[in-house]
Amino acid sequence: MIEYSDKKGVCFFAYNNSQIDYVKIAILAAKYVKKNLNLPVCLITNEGSESWLEESQPKKVINESFDYIVITNDEMKQNNRRHFDSPWTNFSAQFNNSNKHKIYEYSPFEQTLLLDIDYIVKTDTLLKYFNGQHPVCMFDNAMSVRNELPNERERFLYDAGIKMWWSTVVYFDRSDYSELFFNTWAHVADNYEFYQYLYNFPSKLFRTDYCVSIAVHILAGMQDNQTHLGNFDNTALVNVSQKDDIIETHGLNDWTILAHDQTEEWKNILVRLDKQDIHVMNKRALDRVTANLMEAFND
Amino acid sequence: MDERLEQALEFSNYALTINNQKRNIRNRVAQLQIVHYVGGVFLADHTTISFVKTLIDMKHTKFIIIDNKNNPITVKNIKELLEKLIEAYISATTEFDIENEKLKKARNIKKIMDW
């Protein structure tokens, strides 16, 4: 029987590219996890990003943020992703995510919460799922900070397609079902082009959300209804979209967001978010407020 | 711009913003009302609390309750479940009340944002 280093913990993948300092954002995300979930944190990264982490961040901050650092050398798929920073600015960068299913192998924990580095944990809500009855949990619905549904392609893989599950937050244990789920995810990732043809989802970007959605569909007997997987009690993943911006932060939790209208992008409204876990998809916006938030942690 | 229209649009923007804030609070409250207990998921609302209290009043100690996911859950310590439901309900409604009071006083967007 495998012995794990810790019973419960949180993992982040962070591979830097030419545009985004993922490890820097991972430190911020880890700080929020430590404060609100009080769990050990593991960073999964590569040699290059780890060197940059050591060069750019004080040793004390790294040690405070991460209890474990796992270095991987997986070959990544070519995956050029277009990012937005407000509706008016965009840039492209390689997105290294093709080994995400290997978390089952990399995690040092018996029960793991895998979070994307842009998922900011401002409450202790996720803790209850460590004691829940589901071996794997993910969100199967999302909404914007304006309380609107995401666009059609982020709800279904195509117009008459299967429901999309989000791989932003994945809870799993070490049960047989979990192992089966990650093996199925790996199979879909390895045969992505075939499943793209079969499930008719958009091409170009390799999305782990599509991989997990197909894995869920296969394991549910090719039906929409399934019982093994939890969906965080049907709550929604709250997305601060790539076209939204963080205007200011008061302390750690109270953030003011400029939220754009999906159909008429010039129509912004202000949204104040407090005590709400959020998925901040605009990473440059997150990067801009990181220094302030890190200071707030020291206050 | 016609001043009347300018004022109407300003109010329209305020209404949109405050309604969105209210929805955010309700979402948060709904999350706080979810109680996980012995593998079941229960909503700490009036109906569940009253039902569990009725079972206690009728001297039941062990009971099978259908949870929010339509699964039968054997509850051996029904008083403990009631305590957890009440705790979640109070925590949710207290936060609801605090946030709601703040919003009631905010008569324009600057006040909502604390600017």
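Which residues does A:I120 touch, not counting residues up to four places away in sequence? The first legend takes that up, and the other close-ups follow; keep in mind throughout that this is a predicted model.

**View 1. A:I120 and the residues around it.** Look for A:I120 in strand β7 of chain A, which covers residues 119–120. Leaving aside residues up to four places away in sequence, A:I120 touches A:A29, A:Y32, A:D277, A:I278 and A:V280. Is A:I120 buried or exposed? A:I120 is buried, because 26 other C-beta atoms sit within 10 Å, and the cut-off for buried is 20 or more.

**View 2. Helices α1 and α2 of chain A, packed together.** Here helix α1 (residues 22–36) of chain A meets helix α2 (residues 47–56) of chain A, with the axes 9 Å apart and an angle of about 65 degrees between them. That angle makes α1(A) roughly perpendicular to α2(A). The two cross in a right-handed sense. On the α1(A) side the contact uses A:Y22, A:V23 and A:K24, while α2(A) brings A:S49, A:W52, A:L53 and A:S56. Sort the contact residues of α1(A) and α2(A) by class and you get 4 nonpolar, 2 polar and 1 charged.

**View 3. Two loop residues with a positive phi.** As background, most residues other than glycine have a negative phi. A:N38 isn't a glycine, yet its phi is positive, about 55 degrees. You'll find A:N38 in the loop between α1 and β2 (41–45) of chain A. A:N38 counts as exposed because it has 10 C-beta neighbours inside 10 Å, and 12 or fewer is enough for that label. Now switch to A:M222, another residue other than glycine with a positive phi, this one near 60 degrees. A:M222 lies in the loop between α7 (208–219) and β11 (229–230) of chain A. Again the residue counts as exposed: A:M222 has 8 C-beta neighbours inside 10 Å.

**View 4. Helix α7 of chain A and what covers it.** After α7(A) comes A:G221, with a positive phi near 75 degrees.

**View 5. Helix α5 of chain A against α7.** The axes of α5(A) and α7(A) come within 9 Å, crossing at roughly 125 degrees. The two helices, α5(A) and α7(A), are therefore oblique to each other. The crossing of α5(A) with α7(A) is right-handed. From α5(A), the contact takes in A:L180, A:F181, A:T184, A:W185, A:V188 and A:A189, and from α7(A) it takes in A:C211, A:V212, A:I214, A:A215, A:I218 and A:L219. By class, that contact between α5(A) and α7(A) has 11 nonpolar residues, 1 polar and no charged ones.

**View 6. Helices α2 and α3 of chain B.** Over in chain B, helix α2 (residues 46–57) packs with helix α3 (residues 78–105) at an angle of about 155 degrees, and the axes are 10 Å apart. So α2(B) and α3(B) are roughly antiparallel to each other. Their crossing, α2(B) with α3(B), is left-handed. α2(B) puts B:T48, B:I49, B:V52, B:K53, B:L55 and B:I56 into the contact, and α3(B) puts in B:I78, B:K79, B:L81, B:L82, B:L85, B:I86 and B:Y89. The classes in the contact of α2(B) with α3(B) are 10 nonpolar, 1 polar and 2 charged.

**View 7. Where chain A meets chain B.** Here 17 residues of chain A are in contact with 15 residues of chain B. Strand β15 (residues 269–273) of chain A gives the largest share of the chain A side, 5 residues. By class, the side of chain A that touches chain B has 4 nonpolar, 8 polar and 5 charged residues.

Methods: Residues numbered from 1 in each chain as written. Chains lettered and ligands numbered in written order. Predicted model: local features only at pLDDT ≥ 70, side-chain atom pairs only at ≥ 80, totals over all residues. Axes fitted to C-alpha atoms, helices over the stretch in contact; angles between N-to-C directions. Helix = DSSP H or I, 4+ residues; strand = E, 2+ residues; numbered from the N terminus. Parallel < 35°, antiparallel > 145°, perpendicular 65-115°, else oblique. Left-handed = near helix turned anticlockwise from the far one by under 90°. Contact = placed C-beta atoms within 7 Å. Nonpolar A, V, L, I, M, F, W, Y, C, P; charged D, E, K, R; others polar.
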